[in-house]
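This report is meant for a reader who has not looked at this chain before. Please keep the sequence and the model in view while reading.

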Amino acid sequence: MACGKSESSLTQSEINAYLSVIQEKPATSAEISTKMKLPLFKVRSNLRELIELGYLRVKEDQYAIIRLE
């Protein structure tokens, strides 16, 4: 039985907001949280989801875009 998510809980506008913040340069979750004025736990959860969806990669705590819509 598969246990992975088949659909995102993020809306397209939320995805675009995250990609917009990270597009300028890779950023840490704390930097993204500050820029988006969202709680860090929420940002980390959404970043994990964006990685699972193939939008981002994380290297040395820096999130970077690997796919744009």
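The structure is a predicted model, in which local features need pLDDT of at least 70 and side-chain atom pairs count only at pLDDT 80 or more, while totals for chains, interfaces and linings use all residues. Residues are numbered from 1 along each chain as its sequence is written, and side-chain values use heavy atoms, with hydrogens and water left out.

**The chain as a whole**

The chain holds 3 helices and 2 strands. Helices (H or I, at least four residues) and strands (E, at least two) are DSSP runs, numbered from the N terminus. Along the sequence they follow the pattern α-α-α-β-β. Of the 69 residues in the chain, 30% are buried; buried means under 20% relative accessible area, exposed over 50%, and partly exposed in between (1.4 Å probe, protein chains only). Contact means heavy atoms within 4.5 Å. Among contacts in the chain between residues at least 6 apart in sequence, 51% join residues at least 24 apart.

**Helix H1**

H1 runs over residues 12-23, which makes 12 residues, and spans 16 Å from its first C-alpha to its last, close to the 16 Å expected at 1.5 Å a residue. The expected span is 1.5 Å times one less than the number of residues. Its buried residues are Ile-15, Tyr-18, Leu-19, Val-21 and Ile-22. Seen down the axis of H1, these buried residues fall within an arc of 160 degrees, so they line one face of the helix. The arc is that of the directions from the helix axis to the C-beta atoms. On the face turned away from the buried side, H1 carries the exposed residues Ser-13 and Gln-23. The cover over the buried residues of H1 includes helix H2 (29-36), helix H3 (40-52), strand E1 (56-59) and strand E2 (62-65).

**H1 against H3**

H1 and H3 pack at an angle of about 95 degrees, and their axes are 11 Å apart. That angle makes H1 roughly perpendicular to H3. Axes are lines fitted to C-alpha atoms, for helices over the stretch in contact, and angles run from 0 to 180 degrees between N-to-C directions. Angles under 35 degrees count as roughly parallel, over 145 as roughly antiparallel, 65 to 115 as roughly perpendicular and the rest as oblique. H1 contributes Ile-15, Tyr-18 and Ile-22 to the contact, and H3 contributes Lys-42, Val-43, Asn-46, Leu-47 and Leu-50.

Leaving aside neighbours within four places in sequence, Ile-15 is in contact with Leu-10, Leu-50 and Tyr-55.

| Residue | State | Relative accessible area |
|---|---|---|
| Ile-15 | buried | 4% |
| Asn-46 | buried | 5% |
| Lys-37 | exposed | 75% |
| Glu-60 | exposed | 72% |

**Two loop residues**

Lys-37 is placed in the loop between H2 and H3. Its phi is near 55 degrees, a positive value in a residue other than glycine. Glu-60 lies in the loop between E1 and E2. Although Glu-60 is not a glycine, its phi is positive, at about 50 degrees.
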